[in-house]
Every structure is written in C-alpha cells, then in structure tokens.
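Reader: I am new to this structure and would like to learn how to read its features one by one. Please show it to me first.

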Amino acid sequence: MASTETKDQSTAAAKGEDTTDATRTPAAGDIAGLEAGLDALESRVVDRQPWLRTVVSKAFPPLVAIVIVLGLWQLAYHFELKPHYLLPSPVDVGRSLQQKWLEGTLLSFVWTSVSRGALGFVASVAIGTVLGLIVAQVKAVRAAIGPILSGLQSLPSVAWVPAAIIWFGLSDATIYAVVLLGAVPSIANGLVAGVDQISPLYLRAGRTIGATGLAGVRHVLLPAALPGYIAGLKQGWAFSWRSLMAAELIVNAPDLGTGLGQLLEQGRELQDMSWVLAAILLILIVGIGIELLIFAPVERRVLRSRGLLVKS
C-alpha cells in the first residue's frame, strides 16, 4: 500500500503537480478572512447616504405622525367632542406657548426642570453603578437586596413624594430624593443584567492577564456589560424624568423656582387647559429630545464597536 502511494506521488511530481495541497493547513490570513466574512454576514450594514437624504428619511415619518395627530385633534375640537374650555385647539395651545415665550419665562421653566433632571440623573448613575456592581459580583448581596431592587423599580415614583416631604420638607432635597429613588434601581438592575450576559471566557481571560479588582472592573467588566448598562441608563433617565415631574407637581413653593411640573400644576389651579396642554407638550418634547440627542447616538456607537452596526 505504501509503495502504491509513493508511486502515485512520484508520478504526480513527474507531471509537475504540487503534492502538498491536500495536506497543507490553512494559513493565518485565510482564517482571518474567513472570520471577517462570518462577522460581516452576522452584522447589519448601514449604507452611508447623503446627509440631506438621511435627515429626510429620519424626520419625515415623525412629521407625518405629528400632522396626523394635530389633524385628529383639530377635528375633535371642531366637532366639539368636549367643550372648548376643556379641549382647546392646537392653535390655542400654540398661543399659550407664545405668551410664555414673549414673557421671557418659557426657557427658564424648561431649564429649571432639565438642570434638576440632569443633576439627579448624574447622582443616580454614580450610586446605581456602584450598587449594580456590588449586587452583580457578591452573591450574598444579590440574594439579600436583588428582589428589593426589582420591587423598587416597579414602585411608582409618586409614592415616594409624601415620605420625602415629611423627611425633607418643601425643598430641593425632596425633589432630588424622589428622582434618586426612581432612577437608581433601574440603573443598578440594567448593569446587573449586562454583567450576567458576559461570557465567562472574557472574565477568565481578564484574570489571566492580571485584570483583577478595579482594573478588571474598568477594563473587562464594564466594557463587556456596556449594552445592558446603556439600556439601564436609558430606562434610568426615563424614570428620573417621570419622578421629577411627579415631585414638581406636588412640591410647589415660591423658593424652589418653577419647573415644568410646577407649571403644569399652576395651569390646573387656574383651570386653563391651554396652559396644561402646553406644559404637557413641553415635557414630552424635552424627554424625546434627550433620547434623540444623547442616548440614541451613544447606543449606535456601542453597536458599531461590537460589530452589530457596520458602516459600508
């Protein structure tokens, strides 16, 4: 048998054929190319478009939805589904916003709430991140307070307002306490979920190269848990903004300044529905704006860095 194979190889050599092709192992470049091809097949590719077309494609659907909502609102006003003093027209709400703008108070209302929300959210991120890391890494702590965090996340933020008023009185501390209690559980739970989804291989590789303790958290744990962490941050902002509005609706004092929630409460006290709907519209615009300007770009960048969103 061996003599037959030797003869075949000799014959192939005589004909000028390469006898090593069948037994040659793939080169490193071939393996890298194969892995890149597989990654490309699993990635969503986003073609680069002219900026004008991108703006139109992203702005046109929301504009159509807004026009439809305004049209239905105007029809409801026209056919008096509710009396006009209960359901003002879009034009009446626009006039109310214009009045606040001309008075020079509109931006101050928005800035008061946005600054409170931003400060409360930053504090919530600091506390929620540390708490989430402890819960994710220490089994005894997870068993003790993990269910409590989930329960706090489902608790309506407005439920904390009476307790915060008793603790801190009618002050900014009450508002920030409600924001923290509403946002911290969501951020912590998001980070815990992100850590739970990390492959054990990454953690072992980090320990192998000496990334332990704070270095392991910074260079291995947090980067690997980033998608879940960002989802928790987005949810935490939503909870903090809702908590802030709930607190501003109830905690109303001259020394605190006037935010959007307090503006909404003033409209209710005056029975001015145009004022009330204008405040609701401003709250909605700020919430959507923060999502589109801050969290959406960060999320896209993380997806690109993970190969889940690729520019062609």
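Reader: How many salt bridges does a search of the whole structure find?

Author: Side chains of opposite charge can pair when their charged atoms come close. A salt bridge here is a side-chain nitrogen of Lys or Arg within 4 Å of a carboxyl oxygen of Asp or Glu. The search of the whole structure finds seven. This is a predicted model, in which local features need pLDDT of at least 70 and side-chain atom pairs count only at pLDDT 80 or more, while totals for chains, interfaces and linings use all residues. Residues are numbered from 1 along each chain as its sequence is written, and side-chain values use heavy atoms, with hydrogens and water left out.

Reader: Which side chain meets aspartate 92 in a salt bridge?

Author: That of arginine 95, at 3.3 Å from N to O. Because they are three residues apart in helix 4, aspartate 92 and arginine 95 are separated by about one helical turn. Helices are DSSP runs (H or I, at least four residues), numbered from the N terminus.

Reader: At what angle do the axes of helix 5 and helix 12 cross?

Author: Axes are lines fitted to C-alpha atoms, for helices over the stretch in contact, and angles run from 0 to 180 degrees between N-to-C directions. Helix 5 (residues 106-137) and helix 12 (residues 260-269) cross at roughly 130°, their axes coming within 7 Å. Helix 5 is therefore oblique to helix 12; angles under 35 degrees count as roughly parallel, over 145 as roughly antiparallel, 65 to 115 as roughly perpendicular and the rest as oblique.

Reader: Which residues of helix 5 and helix 12 meet?

Author: Contact means heavy atoms within 4.5 Å. Phe109, Val110, Ser113 and Arg116 of helix 5 meet Leu260, Gly261, Gln262 and Leu263 of helix 12.

Reader: Where is glutamate 80 found?

Author: In the loop between helix 3 and helix 4.

Reader: Which residues lie nearest the centre of the largest pocket?

Author: On a 1 Å grid over the protein atoms alone, a pocket is an open set of points where a 1.4 Å probe fits, with protein on both sides within 12 Å along at least five of seven lines; lining residues have an atom within 4 Å of a point. Nearest the centre are Pro62, Ile66, Leu284, Ile285 and Ile288, out of 20 lining residues. Helix 13 supplies the largest share of that lining, 10 residues.

How values were computed: Helices (H or I, at least four residues) and strands (E, at least two) are DSSP runs, numbered from the N terminus.
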